[in-house]
Amino acid sequence: QVQLVESGGGLVQPGGSLRLSCAASGSGFSSYHMGWFRQAPGKEREFVASISGSGDSTYYAESVKGRSTISRANARNTVFLQMNSLRPEDTAVYYCAAVAERRFTGSYYTPPSYEYWGQGTQVTVSS
């Protein structure tokens, strides 16, 4: 069982930056593919970025590519999402998700592919 706890959300002005963190409990963190998703009011949960267990492979949604960077510190059981040049349309609850790479089936871009989810952290971009 993996528990995920997000932090780092908040209110930021357009053009600003935030760094989200997701701390994972349990062992074997480096064997989990980690993802970030977001959900705005009235909208479906959507993929933001994901990273392989080793950190060698990263994937981004077109909407955040070039503005966001996903990274991980396996020694600290933590994954990060650095978001720059934030826009009002980035406003959403951001969720961290995990799936064991050996049990992975499907696409890293879709929520049902992930086994574990955090409670989410609110990001609001507004002047």
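Glu62 is exposed, because its relative accessibility is 63%; exposed means over 50% relative accessible area, buried under 20%, and partly exposed in between, with a 1.4 Å probe and protein chains only. Its partner in a salt bridge is Lys65, with the closest N and O atoms 2.8 Å apart. Salt bridge here means a side-chain nitrogen of Lys or Arg within 4 Å of a carboxyl oxygen of Asp or Glu. Lys65 is partly exposed, at 45%.

A word on the source. This is a predicted model, where local features need pLDDT of at least 70, side-chain atom pairs count only at pLDDT 80 or more, and totals for chains, interfaces and linings use all residues. Residues are numbered from 1 along each chain as its sequence is written, and side-chain values use heavy atoms, leaving out hydrogens and water.

How many salt bridges does the structure hold? Five. Another one links Arg38 to Glu46, at 2.6 Å between the closest N and O atoms. Arg38 counts as buried, at 6% relative accessibility. Glu46 is partly exposed, at 36%.

Now the strands, which are DSSP E runs of at least two residues, numbered from the N terminus; helices are H or I runs of at least four. Arg38 stands opposite Glu46 in β5. Strands β4 and β5 (residues 46–51) pair antiparallel over five bridges; pairing takes at least two DSSP bridges. In β4, residues 32–39, seven of eight residues are buried. β4 also runs antiparallel to β9, with eight bridges joining them. There, His33 stands opposite Val99.
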